[in-house]
Amino acid sequence: MAAMWKIGAGVWNSQANLNGLRCISTSVAQYAPANSKKKTVGGNQGRNIVLVEGVRTPFLMSMTSYQNLMPHDLARAALSGLIRKTNMDKSIVDYILYGTVIQEVKTSNVAREAALGAGFPDTIPAHTVTQACISSNQAITTGMGLIASGSCDAVVAGGVEFMSDVPIRHSRKMRKLMLQLNKSKNKAGIIMKMLSPSALTPELPAVAEFSTNETMGHSADRLCAAFQISRREQDEFALRSHTMAHEASEKGLLSDVLSYKVPGVAEPVTKDNGIRPSSMEKLSSLKPAFIKPHGTITAANASFLTDGASACLIMEEGKALALGFKPKAYLRDYLYVSQDPKDQLLLGPAYATPKILEKAGLSMSDISVFEYHEAFAGQILANLKALDSDWFAKNHMGRSGKFGAIPMDKFNLWGGSLSLGHPFGATGVRLVTTAAHRLAKEDGQFGLVAACAAGGIGHAMLVERYPST
């Protein structure tokens, strides 16, 4: 795979190599002087937090091999895989956190149900968080907070999403009538009302903003128009994602993927099934999916509905070493941002990237690995253009000038959500684990994870390679 990709009319080239190594530590609360050889950043109350291990089930397109399961089945599989891979004593865990977006009503606290199913002691508390596409990022950072405060030394964080069986509700009219039925003496009259078309029409879930009533795909199409991102640019980026994911999978680089024997399925599921390298000719033949007939978002340059789960073990460094674990990375710092959910719904990474790097006293050239969530090819390209735009920086970010371009020879080199899949609640753990693995493989020091989410929210996290990896 070439380290330089041509997309549209432009070419992204690699930037200069790192200017020496820098160290981010959590042992002090203030930044070091600008001329210091080493930089330090506070934020974790003097406690170093490490990623010990991260795993995930294969991410599958919805309505395929996982379709007869429930969300807690996938979450339990990820937790069980984490236990096997780390060979941990389950009693060392102080807390369990899981992220999810579209909840199964029978297991509203899926973290607790999955933990019990995986054999964790019933004395370990667990709760579920939701933050749209960054729900497992939220699970991780909530766990980091528990460790930083001294409340916990070991936290399991993860996420799950199951799009093969999303809740489809009765209409509100039907729900009211059903509640009235038990109390009413005129049951026949209530039943007649229940048979009306307006009552029988179900409420289908949609990936739409409550505040704007706009689907995310429609918003992404408008974003592409605003940044003048062509259909060809988007298709080329999608092809890049699938090609790189295929190569990474074939080379065995996706070592976080577990083998999962699905009940009722003959062969174990061992790989993601959405990776489909194609050709520009095939991609260009697809019709617009949202704004018809002139939109540029298609099924091929957007992430697909995905079933999957992930889990990771994060610990206080001293505790991890005392128990004989070999950490993969330091989790150094993180932040969340939010913008206008109508016109800047998917621009969270563009806002979060300069903030997290400036907070840490780092620059773009200090980052060896970039792992950004790919909701849509156009969304990624819009964020890249925003970061490299003086006009956008001055008019929307309150900056004196652009922050700078991300070097594409460091960006999502093992594929991304477009190709690997995007279970809403589970992607964050994949991003962090992949960043840690890439840092070890590519001999880098710092990795930057970033993602957008519904509501105009964004997230960024700094990961540092652990010295022994």
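Guide: Buried here means under 20% relative accessible area, exposed means over 50%, and partly exposed lies in between, with a 1.4 Å probe and protein chains only. By that rule, 57% of the 469 residues in the chain are buried. This is a predicted model, in which local features need pLDDT of at least 70, side-chain atom pairs count only at pLDDT 80 or more, and totals for chains, interfaces and linings use all residues. Residues are numbered from 1 along each chain as its sequence is written, and side-chain values use heavy atoms, with hydrogens and water left out.

The chain holds 15 helices and twelve strands, where helices (H or I, at least four residues) and strands (E, at least two) are DSSP runs numbered from the N terminus. Among contacts with a separation of 6 or more, 78% join residues 24 or more positions apart, a contact being heavy atoms within 4.5 Å.

An α-helix has 3.6 residues a turn, so residues three or four places apart point the same way. Just after α7 comes Gln-228, which takes a positive phi of about 55°.
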